Amino acid sequence: MGQQQNYDYIIVGAGSAGCVLANRLSANPDNKVLLLEAGRPDYRIDFRIHMPAALTYLLTDSTYNWLYESEPEPNMHNRRIAQPRGKVLGGSSSINGMIYIRGNALDYEKWANDHGLTKWDYAHCLPYFRKCETRLKGQDDYHGNNGPLAIETAQCDNPLFSAFFDATQQAGYPLTDDVNGYQQEGFGIFDQNIYRGRRHSAARAYLHPVMNRKNLTVLTGATTDKVLFEGKTAIGVEYRKWGRKKTAYGSEIISCGGAINSPKLLQLSGVGDENTLKNLGIKPVHHLPGVGENLQDHLELYVQYECKEPVSMYPALKYHNQPKIGFDWLFRRKGAAATNHFEAGGFVRGNEDVLYPNLQFHFLPLAIRYDGSAPNKGHGFQLHVGPMNTDVRGHVKIRSTNRMRSQRSSLTTYPRHKSVKSGSKRSVSLAISSPSQRLIICVAKSFHRAARLRRIKRSSTLSREKGKVPITQAVPVKWALKVMRWRW
Ligand SMILES: Cc1cc2nc3c(=O)[nH]c(=O)nc-3n(C[C@H](O)[C@H](O)[C@H](O)COP(=O)(O)OP(=O)(O)OC[C@H]3O[C@@H](n4cnc5c(N)ncnc54)[C@H](O)[C@@H]3O)c2cc1C
């Protein structure tokens, strides 16, 4: 066993949560804080992290990504579903899509009403959203201008975005000024976690400005293998740095490893379902079967189309154009590399039974796979769609105590089809059928020479039922917000 160290707080994982906590806890000079990160630093010269358009590199590179996968999914032809997770300072906020989206106001109301978390309703959360951000476009009732996190509103200057917004209206959906503001429902321009053309991760916003605090120690390349317990009280951690085992003790141990790595660390430390742990030869410290259960994810599908008008971002993928794009980004912080290209999208209700949007769309003026390759050589565009608020649940279970095996192998599974309740099934099928196809058709109409499109009849879900709000009309969130304002 190596050296021992003592702290007030030990934070495992320097991702979104870990960076915020490290900042806030070390603001009190009396607190001695240790932040442990398994990944490497987010070097300023590392263009893969800081150039917004380079995000596809990060999705396939084990230097920055834990690259988890699901177990083979029996209802998806045994495919394993990719589960990228950031492994670098900033965690997933250093590899993510940089779209700045809050939940719907009614999500927070649901927490308050259904789970008795009365201080987590929207009226209580909104001041914290405002506190954390500086929206460069300016502050209003929903946005702050004095927080560490810079929020830029996208430019949407590619002509395909105008076609997309025309399309959403032709399809009968409203536009909205701000999906994080007064009205989420509808389509509009997205805000981004980008500042002066560079990714503004949680590490850049919260950690780097305070890295020189004497009471904060940040260790990268430091993987925590185990939480140490005295009885059922966590008293420290065992971690590895440069292959050497070390121990640190703390009054509080805070696991910020994210949705997959936090339950994994707890299970490796003996906290979880007793029988599962015993089968793997782990001595149980605390029988807590809920650890790793109720995993929620949002499957996303993207539909790609060829676009015969030569207006998409496709030329940016060509090698001979990249030196100029790189130059513009490096020296002017502008151009095709200074954006994530997920500049527009929206939120709609897939059917009239739901009170607020259950489908999310992103529009990209480019057809591209997640690994950065183009599906065909030529101009294209794509629409991403995914259900939200799904009642589908999965789990995270370690399969081995072997470090390499448990890190490299599958940890998650999606539930079997039987457990998918009809609501979710319906939203998935609606997602890939009516709203997205209607939108694609309308985009195509705007660029009427776009290829490979078939006309599709209007979906029956558009039929109005008495007492229900048609899905093409945004209303309920506005009402709810009025009520909330009154409650402040
Ligand atoms: C590909 C991708 C795209 C996304 N796009 C968006 C988007 O556009 N907009 C949006 O709002 N959200 C997006 N998200 C989600 C968002 O980034 C995450 O919800 C958020 O960053 C999670 O924060 P976290 O602190 O819980 O975990 P993370 O940010 O993942 O941080 C966990 C950190 O803990 C470290 N760690 C884990 N285990 C250990 C250990 N044992 N020892 C030491 N360190 C450890 C990890 O290396 C990591 O740095 C995306 C996520 C991904 C993966």
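**View 1. Who supplies the shell around the ligand?** In this predicted model, α1 (16–26), β13 (222–230) and α8 (258–268) each supply at least two residues of the shell around the ligand. How many residues surround the ligand? There are 32 of them, and the closest are Gly 13, Gly 15, Gly 91, Gly 97 and Gly 258. Sort the shell by residue type and you get 13 nonpolar, 16 polar and 3 charged residues.

**View 2. Here's an open sheet of 4 strands.** Follow the strands across and the order reads β5-β9-β7-β6, with mixed pairing. At the edges stand β5 (99–100) and β6 (133–135); each has a single partner strand, so one side of each is left without a neighbour in the sheet. Now look at β7 (residues 149–153) and β9 (residues 191–192): they pair in the antiparallel sense, over 2 bridges. To spot this pairing, find Thr 153, whose bridge partner in β9 is Asp 191. As a reminder, strands of a sheet pair through backbone hydrogen bonds, either parallel or antiparallel.

**View 3. Strand β12 (residues 216–219) has two faces, one covered and one uncovered.** Which residues sit on the covered face of β12? They're Leu 216 and Val 218, while Thr 217 and Leu 219 make up the uncovered face. Strand β2 (residues 33–36) runs parallel to β12, and 4 bridges join the two.

**View 4. Helix α4 (residues 105–115) has buried residues along one face.** The buried ones are Ala 105, Leu 106, Tyr 108 and Glu 109. Why do they line one face of α4? Look down the helix axis: the buried residues fall within an arc of 155°, so they end up on one face. On the other side of α4, Asp 114 and His 115 are exposed. Just after the helix comes Gly 116, which takes a positive phi of about 70°.

**View 5. Two stretches where pLDDT stays under 50 are residues 406–432 and residues 474–488.** For the chain, the mean pLDDT is 83, and 82% of its residues reach 70 or more. Over residues 406–432, the model has 68 contacts beyond four places in sequence; for residues 474–488 that count is 27.

Note on methods. Residues are numbered from 1 along each chain as its sequence is written. This is a predicted model: local features need pLDDT of at least 70, side-chain atom pairs count only at pLDDT 80 or more; totals for chains, interfaces and linings use all residues. pLDDT is the predictor's confidence in each residue, from 0 to 100. Two residues are in contact if their C-beta atoms, placed from the backbone, lie within 7 Å. A residue is near a molecule or strand if its C-beta atom, placed from the backbone, lies within 6 Å of it. Ala, Val, Leu, Ile, Met, Phe, Trp, Tyr, Cys and Pro count as nonpolar, Asp, Glu, Lys and Arg as charged, and the others, Gly among them, as polar. Two strands pair if DSSP finds at least two bridges between them. A residue is buried if 20 or more other C-beta atoms lie within 10 Å of its own, exposed if 12 or fewer, and partly exposed in between; C-beta atoms are placed from the backbone. The arc is that of the directions from the helix axis to the C-beta atoms.
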